[in-house]
Amino acid sequence: MSNISSSFTLSQCQQQHLLEKLDVFNVKGRDKRGRNVLLIIGKYFPARMVSSEVLKKYLEETIYPKLGAKPFSVVYVHTDVQKSENFPGISVLRSVYDAIPMNLKNNLEVVYFLHPGLQARLFLATFGRLFFDGGLYSKLKYVSRLDFLWDHVRRLEMKIPDFVHDHDEELEYHPMMDYGLESDHPRVYTEPPSMDPISMYSMRCIA
């Protein structure tokens, strides 16, 4: 399956449980201006196993209510994201964005994009304004290091996975990795939890 719109082996209930289990989206902590923060861990997103409709329903029922009616910010962690595993596709991203209620779009004040990398920067510079409205694109702030993120977000109120810290340390010793000019050798982590649909999701869905 090449993208999130392909056929799926998991039921809708299992897909929702998968998103919850992997903790892809988490409203926790505040930034330095006191706004709630929506933390998104890109590496945890199972793009090949979750449909766009399930994703939109999960966000609508589970995440959006936690944001309330106040201004908020987003921290998107792009560390170790793989296009074949974690990227849902442009059309899906646009579909999800279009389904966001207008009041939430207006309340979103800034998106901190951690560890963007050269490809992500080029993609957004080329297509960002085409696929997303100018208001969202103008709210995007690239953050190359965790230390810079802590200038904007309250560190003690947010838990960042260990692999993000490890990658940040590697960038300190190999700064050209930021621009895709050095090899980023594969690393083995215990996170995220196993995504074997047979062993992990052969369960009953509880209504």
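Predicted model: local features only at pLDDT ≥ 70, side-chain atom pairs only at ≥ 80, totals over all residues.

Trainee: OK, so which hand is the crossing of H2 and H4?

Mentor: H2 and H4 cross in the right-handed sense. Their axes come within 10 Å and cross at roughly 30°. Angles under 35 degrees count as roughly parallel, so H2 is roughly parallel to H4.

Trainee: And which residues of H2 and H4 make the contact?

Mentor: From H2, Ser52, Leu55, Lys56 and Leu59; from H4, Val92, Ser95, Val96 and Ala99.

Trainee: Which residues are buried in H4?

Mentor: Val92, Val96 and Tyr97, within a helix that covers residues 90-99. They span an arc of only 135° around the axis, which puts them on the same side of H4.

Trainee: Why do residues three or four places apart point the same way?

Mentor: Because an α-helix has 3.6 residues a turn.

Trainee: Switching to strands: how many residues of S4 are buried?

Mentor: Six of the seven in residues 108-114, so S4 is largely enclosed by the rest of the structure.

Trainee: What does S4 pair with?

Mentor: S3, residues 72-77, pairs with S4 in the parallel sense over six bridges. S5, residues 140-143, is also parallel to S4, with four bridges.

Trainee: Which residue in S4 is the bridge partner of serine 73?

Mentor: Valine 110. Towards S5, tyrosine 112 stands opposite lysine 141.

Note on methods. Residues numbered from 1 in each chain as written. Heavy atoms only, no water. Buried < 20%, exposed > 50% of the residue type's maximum accessible area, 1.4 Å probe, protein only. Helix = DSSP H or I, 4+ residues; strand = E, 2+ residues; numbered from the N terminus. Arc of directions from axis to C-beta. Pairing = 2+ DSSP bridges. Axes fitted to C-alpha atoms, helices over the stretch in contact; angles between N-to-C directions. Parallel < 35°, antiparallel > 145°, perpendicular 65-115°, else oblique. Left-handed = near helix turned anticlockwise from the far one by under 90°. Contact = heavy atoms within 4.5 Å.
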